[in-house]
Amino acid sequence: MDTNSPLDMQSRVRQKLHVAFDPTHLEVINESYQHNVPPGSESHFKVILVSEKFENKRMVARHREIYAILADELAGSIHALALHTYTPLEWSELTDTALNSPACRGGGKTSG
């Protein structure tokens, strides 16, 4: 593998979140194939992130932190980002599961 090649979007998102949150659990799932996009797209993601850094923070504050960290990606090719954010205690109470992302409603990006 060429170590100078840019990371794919899924890997870039994973790396940024790992550095920022030191998670106990992190999944970055490319769900683009479930949407009206060309094959191989990296535009729709689900993130399941468990971190002690979410202690005493409401969901909105957690999501804002993630949006700030992924601002460049969200301004570019990421069209949708489903966030499931938990503290370790919240995650253990869910028995290590997260909600499914909603079905695509057919709203694809158009140019112009």
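So, a nonpolar core here is a set of buried Ala, Val, Leu, Ile, Met, Phe, Trp, Tyr and Cys residues joined through side-chain atoms within 4.5 Å. Buried means under 20% relative accessible area, exposed means over 50%, and partly exposed is in between, with a 1.4 Å probe and protein chains only.

Quick caveats, then. This is a predicted model, where local features need pLDDT of at least 70 and side-chain atom pairs count only at pLDDT 80 or more, while totals for chains, interfaces and linings use all residues. Residues are numbered from 1 along each chain as its sequence is written, and side-chain values use heavy atoms, with hydrogens and water left out.

Okay, the overall layout. The protein chain has four helices and three strands, in the order α-β-β-α-α-β-α along the sequence. Those are DSSP runs numbered from the N terminus: H or I over at least four residues for helices, E over at least two for strands. Of the 112 residues in the protein chain, 32% are buried. Contact, by the way, means heavy atoms within 4.5 Å. Take the contacts between residues at least 6 apart in sequence: 60% of them join residues at least 24 apart.

Back to the core. The largest one has 15 residues, and Val 13, Leu 17, Val 47, Leu 49, Ile 66 and Leu 81 have the most contacts inside it. At least two residues come from each of α1 (9–21), β1 (25–30), β2 (44–50) and β3 (80–86). The biggest giver is α1, with four residues. As background, nonpolar side chains in soluble globular proteins tend to be buried together.

Who does Leu 49 touch? Skipping neighbours within four places in sequence, Leu 49 contacts Phe 21, Pro 23, His 25, Leu 26, Phe 54, Ile 66, His 84, Thr 85 and Tyr 86.

Now the helix pair. α1 packs with α2 (residues 59–69) at an angle of about 125°, the axes being 10 Å apart. That makes the two helices oblique. The axes are lines fitted to C-alpha atoms, for helices over the stretch in contact, and angles run from 0 to 180 degrees between N-to-C directions. Under 35 degrees counts as roughly parallel, over 145 as roughly antiparallel, 65 to 115 as roughly perpendicular, and the rest as oblique. On the α1 side the contact uses Lys 16, Leu 17, Ala 20 and Phe 21, and on the α2 side Glu 65, Ile 66 and Ile 69. That splits into five nonpolar, no polar and two charged. For those classes, Ala, Val, Leu, Ile, Met, Phe, Trp, Tyr, Cys and Pro are nonpolar, Asp, Glu, Lys and Arg are charged, and the others, Gly among them, are polar.

Most residues other than glycine have a negative phi. Asp 22, not a glycine, has a positive phi of about 40°. Asp 22 sits in the loop between α1 and β1 and is exposed, at 55% relative accessible area. Asn 56 also has a positive phi, near 60°. Asn 56 is in the loop between β2 and α2, exposed at 81% relative accessibility.

Last, two buried spots. His 44, in strand β2, is buried at 8%. Thr 87, in the loop between β3 and α4 (88–93), is buried at 5%. Beyond four places in sequence, Thr 87 touches Val 50, Ser 51, Phe 54, Glu 55 and Arg 62.
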